[in-house]
Structure formats: structure tokens, C-alpha cells
Amino acid sequence: MISKFLYDVLIGAPLTLGKEILEKIRDEVDKGRLTTEESIKERLQQLQLLLQDGELGMEEYEELEAKLIERLRAVREYQRGV
Amino acid sequence: MGKKYIYGIIEEPQPRKFGFFGIGEVEVYTINYEKLAAIVSDTELQEVDPTRKNVLAHTTVQDRLLKEYDLLPMGFGIIANSEDEVRSLLVKNYDSLIRELKGLAGKIEGELKVFWDQEAMMRQLEGGNRELDRIKERIRTASSPVEAQSLLMQAGKLVERVVLDWKAKYAQRAYNTLKQFSVDARLNDPLGLKNILNASFLIDKSRESEFKDEIYKLDSQYQGKVNFKYVGPLAPYNFVKLKLEPVK
């Protein structure tokens, strides 16, 4: 899979690495797949790196960050039994 | 007494207010015990959200402290219930904190990431790689999607071979060279497929410019095949060996 992906990247397939990660995060957020604090924090870090590397615009970053933080709070509340 | 957000620990016997602000835009100050001081700001929160703004506030405080002190940095999000709890942390761990601070005295962390350059990789592959040309041609004339998929996999393996070669030739060599200009070094997990080196270096403050010069030299030697990204000086997160005794 990695091999194919590398090749796709190199022959100019539409997906760049950043876009691939972004799509994955967006999908996880939309489908409510992130259920642990750790996984949400990891995605936030990935987003911050993409922003830093210019692979993601501020507006899109903020939109995804807000969704992830909302999810993080829900997970924390659930853990506290609220 | 309210909760305290902790940024790190320094050697400072006098209580200080720093005149700059931390998370929640409130003042950063010290809670002292003998020679040590925890750097804190007040908070009402039980937990701090790891938003970009908060993470930036945390690292900005640490960066500012680093200019003046040797800093034992705390990870993001550490909150103590009270001033007493912070002081107990210093009391309980006093000797080991002093030892750790001495070990890190005069040192900073530098973070280096090396990525292969996409255009350079394309040039490398197009420059007479007959095997790849053959596969490309076969993909064009493939009789079924399954066959095309299998050929793509083969092409990918060729690319992977070049990446591994560059990793050994450029990334590993850069790491070994730069290690000689540092006190300690460690490899971190790569970030994505293009990242062939992700390393942290513990560097003497006095040698940081020499270290950076070496990166420029490597960069010019590698002629654009890989891209270097250096961030520093940072608080030496990756070289803190201390495990704090819990207070509660």
C-alpha cells in the first residue's frame, strides 16, 4: 500500500500527503470515530504540523480544531461520568 | 487558593513575576522553594484544551524563560490544584530536580527534520531508470485493472528502494555528522512518508551556531535532493530523564 501510494504521489496523483491525512481526520471526525483523548490529541498535533508546513489554511484548521476540541470535551465528560 | 498551570522548573531562589502572560493571558510567576522555582500561571480550569493558541502560549513562555534560565520543561497541560501542591512537588523532588537542572545547564534542544524533495525524486526516477520506464509502459497497455494495480505496486517498490537509499546516503549521514556537534541525540518517529529523518539534538548553547552552520553545509552538499527543517533553540523536552514523584 505504501509503495503504491509513494508512486501515486510521485506521478502526480491528485492526493498529496497532507491532503491524505486531512481527509482521514475529517472522515474520523464526521463519523465520530475518535473515542480516546490520546487519539484526538494526536490528530490535533497532526493538524498543527500541517498548518505549520503550509499544507492547510488557517480557516480550515480552525474549523477542524473546533470540532476536535468539542469531541475531546465530550470524551472527557463521558470519562468523568457526567 | 486556585489552581496553577505549570510550565517548567528553573533554579531561582527569589520570587519573580515575569511581566509576560501565559495560558488564558494571565501573568506568569514563580512559586519558590529554596533554590528552585516552578513557573506557573493561575487557572480556573481542570484541564486545558490543546488548541493551537494554548500550545503556542505554553511554548512561548518556555521560549522566553529559555533566554534567561536553564529550564526543565513540563509537557503541555500540567495543572496543580494549589500553590501548596506545586511547592510539595519541589520539596519531594528537590535533589533530583537540582541534579537534572545541572545536567541540562547551558544546553538547548534543536529539532531537525529531513524530507526528500519531490521534484528531485522525480528527476532521479526519470533519469534513465529503465525498470520504471518498462513498468510505466506496461501500465499503459495493461489488459485489466488488476494487472495495472499490480504494476503500480511494482513501481512503488522501486520508489521505496530509492527512498531507502537516500535515507542511508543523506539522512543517516546527516544524523551521524550532527551528532558530533551535540551532547546527545535521539531519533524520533518519522512524520509522514517524505520524512526520512526526525531527530532531536541536545546542544551546548555556545555551539548552536556551529551546529546550524553544519546543517547549511550538509544542505549545500546534498544539492536539493532533500530539504532540511531545523527548529531551535527549544526547551530540552526529549532529554529530561527525571520521573517526578507524585505529590498526592
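Helix 6 (residues 145–179) of chain B and helix 7 (residues 208–221) of chain B pack at an angle of about 155°, their axes 10 Å apart, and are therefore roughly antiparallel to each other (angles over 145 degrees count as such). Axes are lines fitted to C-alpha atoms over the stretch in contact, with angles from 0 to 180 degrees between N-to-C directions. Helices are DSSP runs of H or I with at least four residues, and strands are runs of E with at least two, numbered from the N terminus. On helix 6 of chain B, B:A174, B:T177 and B:L178 meet B:F211, B:E214 and B:L218 of helix 7 of chain B; contact requires C-beta atoms, placed from the backbone, within 7 Å.

This is a predicted model, in which local features need pLDDT of at least 70 and side-chain atom pairs pLDDT 80 or more, while totals for chains, interfaces and linings use all residues. Residues are numbered from 1 along each chain as its sequence is written, with chains lettered from A and ligands numbered from 1 in the order in which they are written.

Chain B also has paired strands (pairing takes at least two DSSP bridges). Strand 2 (residues 17–21) of chain B runs antiparallel to strand 3 (residues 27–33) of chain B over two bridges, and B:K17 has B:Y29 as its bridge partner. Six bridges join strand 3 of chain B to strand 4 (residues 36–43) of chain B, again antiparallel. B:Y33 is bridged to B:L36 there, and in this hairpin, with two residues between the strands, B:E34 takes a positive phi near 50°.

Chain A has four helices and zero strands.

How values were computed:
Angles under 35 degrees count as roughly parallel, over 145 as roughly antiparallel, 65 to 115 as roughly perpendicular and the rest as oblique. Two residues are in contact if their C-beta atoms, placed from the backbone, lie within 7 Å.
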